Amino acid sequence: MSDKLVNAIADMNEDEALALAKEMLDAGIAPVQILEDCRLAMEVVGKRFEQGRYFIPELILAGEMLKSISAEVKPRMQGSVDAKKGARVLVGTVKGDIHDIGKDIVLFMLDVNGFDVTDLGVDVPPEAFVETVKKLRPQVVALSGFLTLSYTSMKETVEALQAAGLHSGVKIMVGGGTVDEQVCTYSGADAFGSDAMAAVTLAKRSTAQPQVSGGVRSHGSLCRSRCGQESRAVVRRALAARHRSAAAQAARPYPHPIGDGLHAC
Ligand code: B12
């Protein structure tokens, strides 16, 4: 059934995908397993986009499918932990980036794990993070981004929080797409995570929250520890492609991987 769901999403069969997800939930399959299938399907969609087989409409439809499935999954995860709200986490997709599927999954995994989550949405400028941190005084700020461009926005956000004297009071974690240890170091954030469970684990480190776990691949770490080969390779490919373009080099907001403050893992 798991493969079927991955294929239904990847092949753009919206009705079938939603029906399968509901069937799986009714059959008692762990909600986090369904989210993992969604992630696998998005990898296939992303590859087809890269190969020129899919275009923006397919990406939008895939995004819609994931949102519908997430809406089915979320209520099944509620109540699995103590409903009492604990530490505050501020979440947002950084300036210039409108990808929110991964951010929303992070958001609801934090939510069902008892965190008090505030979502600033997408394309969030550094000033909005600063203002909200002043107002809400969260313990954790989670920055999400899927575009290479978002690395610079993450850095600017961390710098803005620092300049406002707010960084010492909050842990800043980054994640999304190809974000890894190098991006974490580059942005000045405290930690990075490659999936929603990692976000929960990282947020939990500064609190004493209970955690709902479910066997989903989870990889998160402080910037100093090792990062995955795969995501490093993707970042390097993205950076190499950027360097091939003279125009991009001229206006390049993200520095070369060797030097400019970035360190190999
Ligand atoms: C769906 C999609 C879209 C949809 C987004 C819909 C939506 N509502 O989000 C739409 C169509 C809008 C879109 C637009 C664009 N996209 Co797009 N998109 C994708 C796609 C296919 C999937 C991304 C996704 O949602 N994955 C699903 C989630 C669940 O993935 P995930 O990474 O496993 O999520 C986990 C982690 O990231 C982590 N996480 C996320 N945030 C955080 C935060 C913290 C703190 C932590 C710890 C963890 C964490 O937890 C998540 C859940 O476990 C990717 C390709 C891909 N394979 O990734 C391209 C991709 C990201 N898009 C890309 C591009 C280029 C664009 C556009 C510029 C296209 C265009 N020419 O207009 C625009 C960008 C506009 C903008 N300003 O942002 C490129 C980015 C390339 C780059 N390196 O910059 C990609 C990689 C496609 C490609 N191969 O070229 N896109």
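Predicted model: local features only at pLDDT ≥ 70, side-chain atom pairs only at ≥ 80, totals over all residues.
# Briefing: ligand shell, core and local features

Of the chain's 265 residues, 42% count as buried. Among contacts with a separation of 6 or more, 73% are between residues 24 or more positions apart.

**Around the ligand**

- The ligand has 42 residues around it, and the ones that come nearest are Gly46, Gly63, Gly102, Gly175 and Gly193.
- Sorted by class, this shell holds 22 nonpolar, 13 polar and seven charged residues.
- Helix H3 (31-50) makes the largest contribution to the shell, with seven residues.
- Several elements each put in at least two residues, and these include helix H4 (56-77), helix H5 (101-112), strand S3 (140-144), strand S4 (171-175) and helix H9 (196-205).
- Both domain 1 (2-77) and domain 2 (88-222) take part, each giving the shell at least three residues.

**The largest nonpolar core**

- This core counts 64 residues, and Ile9, Met109, Leu110, Met173, Ala189 and Ala199 are the ones touching the most other members.
- H5 provides the largest share of the core, eight residues.
- As for domains, the core takes at least three residues from domain 1 (2-77) and at least three from domain 2 (88-222).
- Leaving aside residues up to four places away in sequence, Met173 touches Val140, Ala142, Ala189, Asp190, Ala191, Phe192, Gly193, Ala199 and Leu202.
- Two of those partners, Ala199 and Leu202, are also on the list of buried residues in H9.

**Helix H9**

- H9 has seven buried residues out of ten, so the rest of the structure largely encloses this helix.
- The buried set is Ala196, Met197, Ala198, Ala199, Val200, Leu202 and Ala203.

- In helix H6 (residues 126-136), the buried residues are Pro126, Phe129 and Val133.
- Looking down the H6 axis, those buried residues sit within an arc of 60 degrees, so they line one face of the helix.
- Lys134 and Lys135 are exposed on the other side of H6.
- What do the buried residues of H6 pack against? Their partners are strand S1 (88-93), S3 and helix H7 (149-163).
- Ala160 and Val130 are 30 residues apart along the chain, yet their C-alpha atoms are separated by 6.8 Å.
- Ala160 has 18 C-beta neighbours inside 10 Å, so it counts as partly exposed.

- Gly176 sits in the loop between S4 and helix H8 (181-187).
- Is Gly176 buried or exposed? It counts as buried, because it has 26 C-beta neighbours inside 10 Å.
- Gly176 touches His99, Gly102, Lys103, Ser144, Gly145 and Phe146, with residues up to four places away in sequence not counted.
- One of those contacts, Gly102, is also among the residues that come nearest to the ligand.
- Gly176 and Asp195 are 19 residues apart in sequence, while C-alpha to C-alpha they are 7.5 Å apart in space.

**Positive phi angles**

- Met12 is not a glycine, but its phi is positive, near 70 degrees.
- Met12 is in the loop between helix H1 (2-10) and helix H2 (14-26).
- With 16 other C-beta atoms within 10 Å, Met12 is partly exposed.
- Asp123 isn't a glycine either, and its phi is positive at about 55 degrees.
- The loop that holds Asp123 runs between strand S2 (116-119) and H6.
- Asp123 counts as partly exposed, because it has 16 C-beta neighbours inside 10 Å.
- Arg137, which follows H6, has a positive phi near 50 degrees.

Conventions:
Residues numbered from 1 in each chain as written. Near = placed C-beta within 6 Å. Helix = DSSP H or I, 4+ residues; strand = E, 2+ residues; numbered from the N terminus. Nonpolar A, V, L, I, M, F, W, Y, C, P; charged D, E, K, R; others polar. Domains from an automatic or database assignment. Core = buried A, V, L, I, M, F, W, Y, C linked by C-beta atoms within 7 Å. Buried ≥ 20, exposed ≤ 12 C-beta atoms within 10 Å, placed from the backbone. Contact = placed C-beta atoms within 7 Å. Arc of directions from axis to C-beta.
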